[in-house]
Amino acid sequence: MSTTKRVYAFCFAQDFRPIYPLYALLFADNGLSTAQISALFALWAGVSLASEVPAGVFGDRFDRRKVLAFGNLLTAPAFALWLIEPSFWSFAAGFVLWGIGGALESGTFEALVFDELRANRQESTYIKVIGRAHGFSLLGIFLATLLASLIGKHGYTAPLLVSVATTVVASAIALSFPVATPAEELAEENYIGVLKGG
């Protein structure tokens with residue numbers, strides 16, 4: 001499979017999560033108040049923001065495939081927690097994992113795609129590839145929403161299980177990318193040094 005096809009497959013699998021359109025309903029159906037649900041979303045946003053720079057350094061300092069796979073895989077235990085123990089604190093722990101995972105993925109994914117295209121002397125196609133990748137992400141969300149409307153009628157177990165499975169698939173696709181080396185200028189620096197620079 002070519003690098004671009006892996007990119008598109010990863011984006012589709014990453015966002016094909018039927019729990020996306022349902023998690024606010026999941027929270028409400030488990031007795032959370034509007035204030036508690038709002039607090040969860042604030043926690044998610046705060047963790048995501050606070051994790052961006054430290055997570056970005058991981059993407060520059062270490063094997064981007066592994067960072068991308070690990071970041072994506074962090075959402076699997078988040079969804080599993082919501083299935084096993086649907087309570088405010090489990091939802092909060094899940095959002096912490098999801099926020100850190102999302103931060104690990106964001107810049108790492110774009111850097112990995114650019115580096116792989118550059119390695120094949122195709123960096124001029126970056127904008128086109130990333131644009132199509134976002135299209136596959138939207139397709140994944142759209143189809144996951146359709147699926148959620150069908151299987152969500154019978155509870156949240158199936159949407160959560162499918163969402164766990166697709167995080168595993170997306171992580172496997174991330175690991176299948178060609179070996180991506182850390183940025184050359186950062187290769188000799190330790191993590192703390194790079195973090196201070198960031």
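1. Of the 198 residues in the protein chain, 41% are buried. The model is a predicted one.

2. The protein chain has nine helices and zero strands. Its pattern along the sequence therefore reads α-α-α-α-α-α-α-α-α. As for contacts between residues at least 6 apart in sequence, 82% of them join residues at least 24 apart.

3. Aromatic side chains deserve a separate point. There are 26 aromatic pairs in the structure. One of them is Y23 with W98, where the ring centres are 5.8 Å apart and the planes make an angle of 85°. The pair is edge-to-face, because planes over 60 degrees apart count as such.

4. Which helices does the pair of Y23 and W98 tie together? Y23 belongs to helix 2 (residues 23-29) and W98 to helix 6 (residues 88-119), so the pair links parts that lie 75 residues apart in sequence. Both Y23 and W98 are buried.

5. W98 also pairs with F79: the ring centres are 5.3 Å apart and the planes stand at 80°, so this pair is edge-to-face. F79 sits in helix 5 (residues 75-84) and W98 in helix 6, so the pair ties together parts 19 residues apart in sequence.

6. Are F79 and W98 buried or exposed? F79 has a relative accessible area of 0% and is buried. W98 has a relative accessible area of 7%, and is buried because the cut-off is under 20%.

7. The residues of both pairs belong to one aromatic cluster, formed by Y20, Y23, F27, F41, W44, F79, W82, F91, F95 and W98.

8. The last point concerns a helix contact. Two packed helices are described by the angle between their axes and the distance between the axes. For helix 4 (residues 64-73) and helix 5, the angle is about 10° and the axes are 5 Å apart. Angles under 35 degrees count as roughly parallel, and helix 4 and helix 5 are therefore roughly parallel to each other.

9. Which residues meet where helix 4 contacts helix 5? On the helix 4 side they are G71, N72 and L73, and on the helix 5 side T75, A76 and P77. By class, this contact of helix 4 with helix 5 has three nonpolar residues, three polar residues and no charged residues.

Notes. Residues are numbered from 1 along each chain as its sequence is written. This is a predicted model: local features need pLDDT of at least 70, side-chain atom pairs count only at pLDDT 80 or more; totals for chains, interfaces and linings use all residues. Side-chain values use heavy atoms; hydrogens and water are left out. Rings of Phe, Tyr and Trp (its six-membered ring) pair if their centres lie within 6.5 Å; planes under 30 degrees apart count as stacked, over 60 as edge-to-face and the rest as tilted. Helices (H or I, at least four residues) and strands (E, at least two) are DSSP runs, numbered from the N terminus. Buried means under 20% relative accessible area, exposed over 50%, partly exposed in between (1.4 Å probe, protein chains only). Axes are lines fitted to C-alpha atoms, for helices over the stretch in contact, and angles run from 0 to 180 degrees between N-to-C directions. Angles under 35 degrees count as roughly parallel, over 145 as roughly antiparallel, 65 to 115 as roughly perpendicular and the rest as oblique. Contact means heavy atoms within 4.5 Å. Ala, Val, Leu, Ile, Met, Phe, Trp, Tyr, Cys and Pro count as nonpolar, Asp, Glu, Lys and Arg as charged, and the others, Gly among them, as polar.
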